[in-house]
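Work through the two exercises below with the sequence and the model open. Each task is followed by a stepwise solution.

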Amino acid sequence: MPVERIARFIGGTTGEGFEALALDAFAHQYERQEAYRAVCERGGATPDTVRRWEDVPLVPTLAYKRLRLASEAPREIFRSSGTSAPERSVHHHPYPELYRRTIEASFPTFALPTTGTAETPILSLIPSRDQLPDSSLSFMVDHVLATWGDATSGYALGRVGVDARKLRAWLAGRQRGGTPGLILTTSLALLEALDRLERLGLRFRMPPGSVLFETGGYKGRNREATPDELLERTQRILGIAPDRVVREYGMTELTSQLYTASLSGGPADVYVAPDWVRIRVLDAETLAPAPAGEPGLVAIFDLANLGSATHVLTEDVGSLSAAGLRLVGRAAGAELRGCSLAAEELTGVGAG
């Protein structure tokens, strides 16, 4: 069963290589998913003919909005944020233990103030699973708190947004105690928190070594801020320097996450993949590899996505270098032609 072997690979306890596991994962999905198998066969891609992970057929994120992609019965169902249900991606996830394993293998290295410490003061401005039971991000945050949080850890997000009272109390406690802490937040929640503290005339100095983990965008909200503005205000109001801000790139359709390597001196806008993930940048129209350093559609091969699709074509535009992935923005209009054609081919077979 590939799930156990992939779990060992993620945990660094196997001598197997990425390529062999990628091809076995493809065979696993080919065997269990009828619509995906039909598209693969139409293009001549079968476990007998595919020899490289790069040649495993792509599944666009658009397909998660129209198909039930699952190699087995799901044990978790994650939905993307949004108000229009037909436009929301749905990830039917049969292997949540792989999700937990990816968090345990990558999050401490990229985001914890002290790697491996199980007693870290953590405050989340991201909804809990009680608030958003179908959010993959909330699944991740709950696991982070349960695994590494100390007795002071918890949530400061209520029904109407950031709970300013809890936020102030936690920040004051960290400032008095002198122990580095970790704040988990979306871009929108961070902006709201900074606005509230600034209106109250409050500034804090988080202990040296503290970390702010930021993910997500503004989801079409009117109030936005540039990354540089957020960094400046985070340092001025919370006392957390820009090189202690870690950004995450993740999505409902994927199991693994990419992070900026800020804590080890990496660029603030370049995302690094863990060992079980590979990144490609493709020409938006032909889906052929884009020239080195040139922007194109981001494709991600995630071994932990064994339960749905390992080779995912996103709607994000980025460029790839030896340092990692630099995002440019979201694809629109003509840029999505290749992605749309791939989605139509897959969902057309699934509807037949």
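In β15, V317 is the bridge partner of L297. The model is predicted: local features need pLDDT of at least 70, side-chain atom pairs count only at pLDDT 80 or more, and totals for chains, interfaces and linings use all residues. Residues are numbered from 1 along each chain as its sequence is written, and side-chain values use heavy atoms, with hydrogens and water left out.

**Exercise 1.** Find which strands pair with β15, and in which sense.

Step 1. Locate β15 at residues 311-321; helices (H or I, at least four residues) and strands (E, at least two) are DSSP runs, numbered from the N terminus.

Step 2. Apply the criterion that two strands pair if DSSP finds at least two bridges between them.
- β1 (residues 59-60) is parallel to β15 over two bridges, with P60 opposite L313.
- β14 is antiparallel to β15 over five bridges.
- β16 (residues 324-330) is antiparallel to β15 over six bridges, with S319 opposite R326.

Step 3. Check burial (under 20% relative accessible area, 1.4 Å probe, protein chains only). Nine of the eleven residues of β15 are buried.

**Exercise 2.** List the contacts of Y249 beyond its neighbours within four places in sequence.

Step 1. Count as contact any heavy atoms within 4.5 Å.

Step 2. The partners of Y249 are Q257, L258, Y271, V298, I300, T314, D316, L325 and L327.

Notes
Buried means under 20% relative accessible area, exposed over 50%, partly exposed in between (1.4 Å probe, protein chains only).
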